[in-house]
Amino acid sequence: MTDNDKFHDVVSAYESVKLTKQALKSENEKIDAEITKAKEQLVWLQTAYLPLQDLKDGIIEILAVGAESYEFASIRPGITGLATNAVWSNRSVAYGTPLNYKTLEDALSGKLGDYPACQILTPQKTQFDDRVFLSLLFKTIEPALRDIMERMTPEEFGYGGISPSEIGPGLKERRGMIQSIKARIQELEHKKGANAEKIHALS
């Protein structure tokens, strides 16, 4: 192989590297555009209003979660306090262990005070919390709440001040779409990063 041939091979390889780098850069530009578009769609999905029926279903979900939260935050600890001697005014009983027979009988006879431990549904006596009813009676209350909402007008839910174009897909569909777009963005970011590594290696 002559020097001229070697030079030609080097130039050819250099041009090939330049073309490859340019192709990778162009691909990353397209990826950036796709990521931007996906993020814009994601923002729209996250901020667009729900169809009216989906909003009603969402309200029921919020109330159900609030009911469960109240159960774990207030009612269960209240029952635990009652069961383990934590809230009786008489501190002679053993704290942290279950009520024994004598303590139970003393409580029933009034010897342990004025039943402060019975305040397990609304622990703060000066504060009333609707979640106490939701927690205990949600399955009973839910049909009545749904019936009330069915008799309410769209305007009562705030739909009088928005246009149909501001309303996006339904709750279930939208949750799936958002997860799909997030996965796609992650995939694109990974591909972009791999291309950037190749470009760096070719530099």
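Modeller: Let us begin with the term contact, which means heavy atoms within 4.5 Å. Please keep in mind throughout that this is a predicted model.

Colleague: With that cut-off in hand, which residues is Ser 74 in contact with, leaving aside its neighbours within four places in sequence?

Modeller: Ser 74, which lies in helix H2, spanning residues 52-83, is in contact with Ile 120 and Pro 123 once those sequence neighbours are set aside.

Colleague: And does Ser 74 count as buried or exposed?

Modeller: A residue is called buried when its relative accessible area is under 20%. Ser 74 has 16% relative accessibility and therefore counts as buried. For the protein chain as a whole, buried residues make up 25% of the 203 residues.

Colleague: What secondary structure does the protein chain have, and how much of its contact pattern links residues 24 or more positions apart?

Modeller: The protein chain comes to five helices and zero strands, so that, by the DSSP runs used here, the order from the N terminus reads α-α-α-α-α. Among contacts with a separation of 6 or more, 73% are accounted for by residues 24 or more positions apart.

Colleague: How should I read a charged residue that is buried, and what is the nearest side chain of opposite charge to Asp 54?

Modeller: For a salt bridge, one looks for a side-chain nitrogen of Lys or Arg within 4 Å of a carboxyl oxygen of Asp or Glu. Asp 54, found in helix H2, is buried yet has no salt bridge, the nearest side chain of opposite charge being that of Arg 174, 7.6 Å away. Not counting residues up to four places away in sequence, Asp 54 touches Gly 170, Leu 171 and Lys 172.

Colleague: Which residues make up the largest nonpolar core?

Modeller: In soluble globular proteins, nonpolar side chains tend to be buried together. Here the largest nonpolar core has ten residues in all, namely Leu 50, Ile 60, Ala 67, Leu 134, Phe 138, Met 149, Phe 157, Tyr 159, Ile 162 and Leu 171. The elements giving two or more residues to this core are H2 and helix H4 (131-150), and H4 gives the most, with three residues. Ile 60, one of the core residues, touches Phe 138, Glu 142, Leu 145, Arg 146 and Met 149, again not counting residues up to four places away in sequence. There is also a second, separate core of nine residues, including Ala 38, Leu 42, Ile 178 and Ile 181.

Definitions and conventions: Residues are numbered from 1 along each chain as its sequence is written. This is a predicted model: local features need pLDDT of at least 70, side-chain atom pairs count only at pLDDT 80 or more; totals for chains, interfaces and linings use all residues. Side-chain values use heavy atoms; hydrogens and water are left out. Helices (H or I, at least four residues) and strands (E, at least two) are DSSP runs, numbered from the N terminus. Buried means under 20% relative accessible area, exposed over 50%, partly exposed in between (1.4 Å probe, protein chains only). Lys and Arg count as positive and Asp and Glu as negative; His and the chain ends are not counted. A nonpolar core is a set of buried Ala, Val, Leu, Ile, Met, Phe, Trp, Tyr and Cys residues joined through side-chain atoms within 4.5 Å.
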